Amino acid sequence: MSSFSKIPAKTTADEIKQAFRENLNSGLGRLERFATKNDLYLALALTVRDRLFERIVETMDTYGGVNARRVAYLSAEYLPGRHLENNLLNLGITDVTQEALRELGYDLDEIAAQEEEPGLGNGGLGRLASCFMDSLASIEVPALGYGIRYEFGIFDQVIRDGWQEEITDKWLRFGNPWEIARPDIAYSVKSGGRTETFTDEQGNFRVRWIPDTEVRGTAYDTPIAGYRVNTCDVLRLWRAEAVESFDFAAFNHGDYYRAVQDKVVSENITKVLYPNDDVEVGKELRLKQQFFFASCSLQDMLKIHALLGGTPATLHEKWAVQLNDTHPAVAVAELMRLLVDEHGLGWEEAWEITRNTFAYTNHTLLPEALEKWTVGLFGKLLPRHLEIVYEINQRFLDEVRAAVPGDGARVARLSLIDESGPRYVRMAHLACAGSHMINGVAQLHSELLKQTVLRDFAELWPEKFCNVTNGVTPRRFVALSNPGLTRLITSRIGDRWLQDLNRLRKLEPLADDNEFQKQWREVKLANKGRLAALIAERTGIKVAPESLFDVQVKRIHEYKRQHLAALHIITLYLRLRRDPQADVPARTFIFGGKAAPGYFMAKRIIKLINSIGEIVNTDSAVRDRLKVVYFPDFNVTNAQFIYAAANLSEQISTAGKEASGTGNMKFALNGALTIGTLDGANVEIREEVGAENFFLFGLTADEIEEAKRRGYRPRDYYEQNSTLREVIDFIASGALGRGDAELFRPIVENLLDKDPFLLLADYQPYIDAQEQVSTLWRDQRAWTRRSILNTARMGKFSSDRSIRDYCARVWNIQPTEQ
């Protein structure tokens with residue numbers, strides 16, 4: 001890794017001003033006096049982008065010169081957040097840019113606010129990929145991130161009458177100044193049709209794919225700058241286009257629709273993030289998306305490899321390809337097709353190259369989340385690939401039978417084809433068979449993987465399995481989102497901690513320092529004031545910054561148990577209604593997150609939270625003690641305000657369901673205390689920060705399995721706990737539904753009759769843990785001490801450490817210092 005002294009050449013305010021005006025006048029054709037705020041943003045973005053692409057050229061020259069091994073990160077999702085301020089930070093030119101703009105009469109914050117956030121992901125998976133890209137560049141690992149340039153990303157969320165409504169995310173409507181289109185980097189991607197066999201000139205048996213559909217994938221490159229180093233990696237996203245976008249003959253015959261039909265159909269592939277796959281046409285489009293970006297990416301790697309003097313036979317020596325979950329798993333079959341059918345390699349050699357090229361990251365313990373495609377659909381779209389999957393499967397199962405003779409049940413469980421009912425291609429199995437390493441994303445998750453969904457693979461190939469605990473970039477999630485805390489920490493321990501997060505340990509001796517505690521509280525209060533103003537602007541709800549900010553922001557899902565937090569709010573509300581003098585410290589409950597458009601129960605939970613807020617926020621008896629906020633359209637930009645302001649981080653998923661989580665890391669890094677279960681990375685966070693600095697509750701994963709084995713009866717908890725019964729009955733009464741008792745009946749019946757994620761079993765332990773929270777909050781000195789220690793002990797959870805672990809355990813790559 002480069003030394004900190006290797007900061008890029010100094011940029012002056014005059015240089016920024018000159019480049020800014022040139023881009024505004026020449027690049028955009030605007031007179032400064034008529035420029036809109038968006039014009040100013042575009043001019044500044046282009047000014048910064050120019051410097052980034054200079055770095056890219058230098059980086060390519062450096063890596064090409066040493067022919068370094070590269071990482072290709074294949075992910076269907078990226079959530080980078082806004083680029084401008086992050087790039088200024090990583091380039092080390094934030095202050096000089098502020099100075100330049102101030103001299104021109106502009107405000108950097110106002111200009112930066114014009115940027116549309118790219119919504120190229122659904123949640124943690126996409127944000128993790130973006131953290132990893134930041135760290136790959138920052139520790140100087142040559143890398144290309146590959147994905148899809150969705151025209152419309154994750155929907156924008158609005159809350160109307162308490163319900164989520166989805167609005168189209170038109171993130172490209174004003175253009176994207178950070179990307180450069182590469183029409184010269186384009187590849188043909190085929191689908192459908194049939195295959196035929198033939199014998200080549202050397203007498204070898206071959207297969208020819210005769211597709212009936214073809215689209216072109218064009219590259220769009222976005223620079224990813226490392227922090228205070230010269231390295232700048234590339235995020236390369238693919239856009240689908242028609243091979244021929246206009247049928248002139250059809251147009252001349254008056255068939256105007258058919259003249260552009262190919263263009264419309266082809267571009268649909270990259271039109272929207274995650275089309276609704278409840279219907280067959282949606283499933284087909286999603287599989288097309290996955291194959292499209294996997295094929296473009298592999299063709300691109302082979303081309304780059306050839307330009308650097310490599311041959312297909314040496315691809316695995318120079319490329320480490322990471323499959324980020326199962327979405328790109330079809331790449332295993334596609335690389336085999338490219339090597340065998342297009343480049344003429346033998347099967348055994350091609351399979352050895354493929355397995356040594358790929359590694360697979362699993363992100364879920366939910367069996368239903370492991371993607372699989374019907375054999376009919378897979379064969380219709382990818383007939384040659386289905387043949388390849390069958391061949392891989394036959395050879396693989398022969399290996400299994402040799403290892404465990406006579407165990408037909410295990411053979412069936414390991415098969416790449418699920419034949420227990422309608423036949424499916426199991427994409428996680430394909431990824432496991434075609435990769436040399438398989439990793440989970442937290443210690444608990446990795447162990448549970450080997451015990452549950454991938455148990456048979458772990459027993460067959462124990463040497464393939466390892467753990468790489470997730471991490472987050474401190475550049476975006478502290479330096480950028482929490483500048484007050486960054487200044488305070490830097491004033492005491494210097495600024496090297498942003499490159500080596502373990503240096504935060506130097507804060508530990510300050511945890512009992514009165515002056516430092518006072519400054520720490522002042523920073524947090526200022527962040528809470530900033531968020532309170534934003535809440536008032538977005539929701540009209542006024543909250544007290546002095547209250548305890550109790551926060552749960554993440555994708556809405558039953559296993560994440562936002563409705564358990566809702567039960568706690570009702571518990572406090574009913575207690576205060578009975579006894580207005582009850583000792584309940586003032587709390588502001590802040591929720592945020594999006595529910596999948598077709599997820600009935602998740603959308604009902606959003607309505608429940610908002611209905612509780614409607615009652616609590618308007619009841620004069622409690623509104624100065626409790627407030628409930630549902631912050632709309634939770635995304636990276638909004639998250640940066642929320643993480644910095646939180647006092648309490650709610651990480652209350654059912655134990656054994658969350659793979660890792662990274663929101664838990666961002667909260668703790670910003671000084672929030674965690675209330676949580678032993679799930680995902682919570683286990684390691686608690687180990688690092690100390691059990692006494694973590695509010696633990698709930699059944700463990702083993703205890704949950706035992707409860708289910710014995711026959712879990714949620715209604716028993718309801719009948720035996722009078723407080724819980726009062727809360728559930730309050731929901732069932734219709735009091736939260738303006739008298740409509742049917743509104744939340746599905747939630748009530750689900751909890752009493754099924755409770756698949758054991759809310760009722762964990763209810764009382766959760767309430768008890770929340771009482772511990774209230775007790776500690778009353779002692780601000782003790783709370784602040786624990787807050788400081790949380791931040792000080794979070795060094796393990798940097799994405800820089802995660803990437804170093806991947807380099808050592810998975811990729812066999814060394815950083816390349818420029």
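Which residues touch the most other members of the largest nonpolar core? They are Phe378 and Trp811, in a core of 214 residues. A nonpolar core here is a set of buried Ala, Val, Leu, Ile, Met, Phe, Trp, Tyr and Cys residues joined through side-chain atoms within 4.5 Å.

## Before you look around

This is a predicted model, where local features need pLDDT of at least 70 and side-chain atom pairs count only at pLDDT 80 or more, while totals for chains, interfaces and linings use all residues. Residues are numbered from 1 along each chain as its sequence is written, and side-chain values use heavy atoms, leaving out hydrogens and water.

A few words come up again and again. Helices (H or I, at least four residues) and strands (E, at least two) are DSSP runs, numbered from the N terminus. "Buried" means under 20% relative accessible area, "exposed" over 50%, and "partly exposed" in between (1.4 Å probe, protein chains only). "Contact" means heavy atoms within 4.5 Å.

## The cores

Back to that core of 214 residues. Its largest share, 11 residues, comes from helix H9 (residues 280-307). Apart from it lies another core, of 57 residues, including Trp497, Ala672, Ala681 and Ala792. In soluble globular proteins, nonpolar side chains tend to be buried together.

Now zoom in on Phe378. Setting aside residues up to four places away in sequence, Phe378 touches Leu287, Val330, Trp373, Pro383, His385, Leu386, Val389, Val425 and Met427.

## Helices that cross

Let's look at some helix pairs. Axes are lines fitted to C-alpha atoms, for helices over the stretch in contact, and angles run from 0 to 180 degrees between N-to-C directions. Angles under 35 degrees count as roughly parallel, over 145 as roughly antiparallel, 65 to 115 as roughly perpendicular and the rest as oblique. When contacts get sorted, Ala, Val, Leu, Ile, Met, Phe, Trp, Tyr, Cys and Pro count as nonpolar, Asp, Glu, Lys and Arg as charged, and the others, Gly among them, as polar.

Helix H31 (residues 759-777) meets helix H32 (residues 780-792) at about 110°, with the axes 7 Å apart, so H31 is roughly perpendicular to H32. On the H31 side you'll find Val773, Leu776 and Trp777, and on the H32 side Gln780, Ala782, Trp783 and Arg786. That contact divides into 5 nonpolar, 1 polar and 1 charged. Helix H22 (residues 562-578) and helix H29 (residues 722-732) pack at about 100°, their axes 10 Å apart, so H22 is roughly perpendicular to H29. Here Leu567, Ile570, Thr571, Tyr573, Leu574 and Arg578 of H22 meet Thr723, Leu724, Glu726, Val727, Ile728, Phe730 and Ile731 of H29.

## Aspartates with a positive phi

Asp325 isn't a glycine, yet it has a positive phi of about 75°. You'll spot Asp325 in the loop between strand E10 (319-324) and helix H11 (331-342). At 10% relative accessibility, Asp325 counts as buried.

Asp755 also has a positive phi, near 45°, in a residue other than glycine. Asp755 sits in the loop between helix H30 (745-753) and H31, and at 1% relative accessibility it counts as buried.

## Two more spots to check out

Leu366 is in the loop between E11 and strand E12 (372-374). With 9% relative accessibility, Leu366 counts as buried. Leaving aside neighbours within four places in sequence, Leu366 is in contact with Tyr559 and Lys657.

Arg194 lies in strand E6 (residues 194-199) and is partly exposed, with a relative accessible area of 48%. Arg194 and Pro211 are 17 residues apart in sequence, and their C-alpha atoms are 6.2 Å apart in space. Beyond neighbours within four places in sequence, Arg194 is in contact with Arg208, Trp209, Ile210 and Pro383.
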